[in-house]
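Me: I'm new to this one and would like to learn how to read it. Can we go through it feature by feature?

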Amino acid sequence: MTVPTADRASPAASAGGPPIVELTGVGKRYVKYDDAPMLVTAALRLRTRTRRSTLWAVRNVDLSLRRGECFGVIGRNGSGKTTMLGMLAGVTAPTEGRVTVRGRVAPLISVGVGFHPELTGRENVYVNGTVLGLTRRQIDARFDEIVDFAEISRFIDTPVKFYSSGMFVRLGFAVAVQAEPDVLLIDEILAVGDLGFQVKCFERMMAIRDSGATIVVVSHNLNAVRQMCDRTAVLHNGVLRFVGETAEAISVFHDILALQDEPDFAATQSGPGAALPHSPGVARVESAELIGADGQVTRHVRSGERVKLRVTVGVLADVEHPIVGLGVLSEEGTGVYSDASHDLRMPPLRAGTTVTYEIGMVVALLTGTYTAAVSLTDAGRTVLATTAPLAFFVSGRPTAAGVAELEATFGVEQP
Amino acid sequence: MSAAGFQLEGERTPLRELIADLWASRPLIAILARKDFYVRYRRAAFGLTWAVGLPLLQAVIIAVVFSRVVHIHVGTSFAVFVLAGMVGWSYFSTTLATAATSIVDGSTMSTRVYFPRAVLPLVQVVANLYGFAIAVVVLLVLAPLLGVGLGARTLLLLPATVVLVVLTSGVCLVAAALHVYFRDVRYLVTAATLGWFYLTPVFYPRRLASGVLGWVVDINPLTGVVELFRAATGGADPHWAALVTVSLGWSVALVGLAAVLHTRYNRVFSDLL
């Protein structure tokens with residue numbers, strides 16, 4: 001397939017030399033074994049072959065990144081982002097095609113890799129730095145800067161098992177950014193530590209980029225991608241759907257979210273009524289749409305926006321006590337919210353008519369992709385109809401992480 | 001490591017590249033080995049005493065039991081005879097126990113950063129050298145006290161150590177690679193080590209094993225190593241040189257097999273972790 005490109009936004013487009021990262025026809029196939037292979041059974045030939053299935057995580061990926069650009073990769077869970085990042089880090093090899101990286105890669109996915117709880121912060125800095133490819137002399141030279149950056153100078157000789165998770169992550173990050181990479185790989189790193197530290201990390205990454213390094217950001221946080229990245233690729237089901245200007249990539253991503261072309265997604269959702277008996281043939285969903293505060297159908301919602309779900313149902317048989325339910329799931333499939341019109345007497349449904357329900361809600365959610373589903377049940381809790389999960393994207397405050405927008409404030413009372 | 005970048009085409013890692021990467025990973029192996037040894041003994045009461053004490057205790061028990069219960073003439077101090085056998089054996093068995101699972105156990109590291117996966121078993125090979133060195137010192141201190149003189153032959157400890165380390169590396173690299181795919185290797189190694197101990201002339205002289213058992217002991221890769229340690233401190237089998245040749249043959253074969261497995265799977269071990 002052809003991938004539309006729009007390269008004009010890249011500031012590094014003029015930089016000469018071969019691309020620092022080059023992927024040519026890259027595909028990665030994973031083999032999944034239904035039951036763990038055992039040497040005993042293999043040796044005794046009890047079973048010649050364990051049952052297995054294969055899956056192409058990414059396929060036919062062509063991509064080249066230039067020095068000094070910040071490149072985003074977006075896509076839903078399971079779209080192949082992590083696999084691609086793994087190949088850029090050299091952690092796994094492609095099944096087909098070629099991956100070329102002309103420089104030193106520092107994976108920021110490796111924050112705190114090799115940290116041992118019994119060792120002190122100082123000892124762990126040396127272990128972690130060596131894992132990331134720094135020499136002892138390089139670590140010596142940067143040690144003070146690392147400790148400064150992590151803001152843990154008082155505890156540097158304390159075993160890290162006594163560290164708070166924030167201290168742990170700060171120290172790991174501080175070492176990782178000292179690796180002076182040509183390519184920095186970032187996987188959702190922006191959500192660590194407190195606000196002050198996040199700002200510091202962000203500034204540090206920009207400094208690394210300004211020094212000529214290439215940054216690859218894989219994130220669900222479209223706001224962060226929009227802020228940082230010159231170009232962005234959209235991965236969908238392991239295939240590159242788009243490579244080019246970030247704003248355009250984000251709109252392509254929204255189109256994908258709107259497409260609803262993933263039958264297995266609907267099957268795995270655990271929304272309202274997933275465990276309840278179904279009674280098809282009573283009602284049928286005719287349309288379902290999300291309407292923003294401006295009254296327009298949308299897929300992109302601001303955090304805190306009041307939106308409506310409008311669902312039209314065709315009634316095939318009479319229902320005396322219909323109940324309308326709403327369920328919202330995070331992208332990981334975690335239930336974020338569910339409610340139903342139990343206490344409200346909804347008008348009875350008559351066969352041959354259509355009825356439109358409007359469910360209003362305030363999207364007190366943080367940045368991410370969510371799905372909403374509306375179901376219609378009768379008084380006996382038998383599901384009559386369910387909408388397909390309606391995916392929508394929420395833009396929230398860049399500093400907050402998690403699911404719910406609790407609108408935290410930070411104050412201090414001076415004695 | 002990947003200081004100058006890398007190119008991945010297909011899943012294999014060319015042998016030359018693998019060796020170059022391993023060579024460049026020496027500082028990594030060294031620091032991980034030191035960390036491993038340190039962590040193992042730092043929190044334990046008496047710390048390092050355990051590293052010295054355990055092999056010594058085992059040797060003492062065996063020496064006492066066998067000198068009281070069965071009388072085996074070994075032509076030298078029985079305690080030194082057993083201790084010399086134990087030095088090599090306990091290094092081999094303790095290293096194998098942790099090295100076999102090392103690639104799987106190191107998955108948090110190896111799914112995020114690239115370094116040759118062979119580094120992980122080799123870290124165990126190096127980390128256990130600390131305990132081994134202590135055991136050798138104990139042997140060298142005890143031998144004269146127990147009436148076994150040291151001399152020029154004691155220098156044979158050096159080639160003995162080399163053969164032991166190469167052989168152990170070969171076995172560990174193969175076992176660690178297999179364990180990524182066959183998750184029962186961990187148990188097979190434990191079971192095999194149990195029986196292996198008795199098929200290795202650690203607490204009996206090789207001549208006592210006869211028939212099929214004698215043949216098994218002769219082709220046992222560890223027999224030559226154990227005999228080479230004995231050649232250094234007394235009580236070795238007269239044919240120890242031939243047995244060492246067997247050990248060398250095994251070492252070459254196992255390192256070769258390890259090279260085949262690691263060039264093929266080095267870059268894709270992490271897919272199964």
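Me: Which strands form the open sheet in chain A, and in what order?

Reply: In general, strands of a sheet pair through backbone hydrogen bonds, either parallel or antiparallel. Here the open sheet has 6 strands in the order E5-E6-E7-E3-E8-E9 of chain A, and the pairing is mixed. Two strands count as paired if DSSP finds at least two bridges between them. Strands (E, at least two residues) and helices (H or I, at least four) are DSSP runs, numbered from the N terminus. The edge strands are E5 and E9 (239-245) of chain A, each pairing on one side only. From one strand to the next, the twist averages 15°.

Me: Before we go on, what should I know about the model and its numbering?

Reply: This is a predicted model: local features need pLDDT of at least 70 and side-chain atom pairs count only at pLDDT 80 or more, while totals for chains, interfaces and linings use all residues. Residues are numbered from 1 along each chain as its sequence is written, and chains are lettered from A and ligands numbered from 1 in the order in which they are written.

Me: How many bridges join E5(A) to E6(A)?

Reply: There are 3 bridges between E5(A) and strand E6 (residues 183-187) of chain A, and the two run parallel. A:Ala106 stands opposite A:Leu184 in E6(A).

Me: Which strands does helix H6 of chain A lie across?

Reply: Helix H6 (residues 195-210) of chain A lies across E3 (70-74), E6 and E7 (214-218) of chain A, and runs at about 140° to E7(A). For such angles, axes are lines fitted to C-alpha atoms, for helices over the stretch in contact, and angles run from 0 to 180 degrees between N-to-C directions.

Me: How many residues of chain A are in contact with chain B?

Reply: Contact means that the C-beta atoms of two residues, placed from the backbone, lie within 7 Å. By that rule, 39 residues of chain A are in contact with 35 residues of chain B. On the chain A side, the elements giving two or more residues are helix H1 (39-43), strand E4 (96-101), strand E5 (105-107) and helix H3 (121-131). In E1(B), B:Leu8 is the bridge partner of A:Val99.

Me: Is B:His262 buried or exposed?

Reply: B:His262 has 25 other C-beta atoms within 10 Å, so this residue is buried. B:His262 sits in helix H12 (residues 240-265) of chain B. Among the residues B:His262 touches is B:Leu18. B:His262 and B:Leu18 are 244 residues apart in sequence and 8.2 Å apart in space, C-alpha to C-alpha.

Note on methods
A residue is buried if 20 or more other C-beta atoms lie within 10 Å of its own, exposed if 12 or fewer, and partly exposed in between; C-beta atoms are placed from the backbone. Lists of a residue's contacts leave out its neighbours within four places in sequence.
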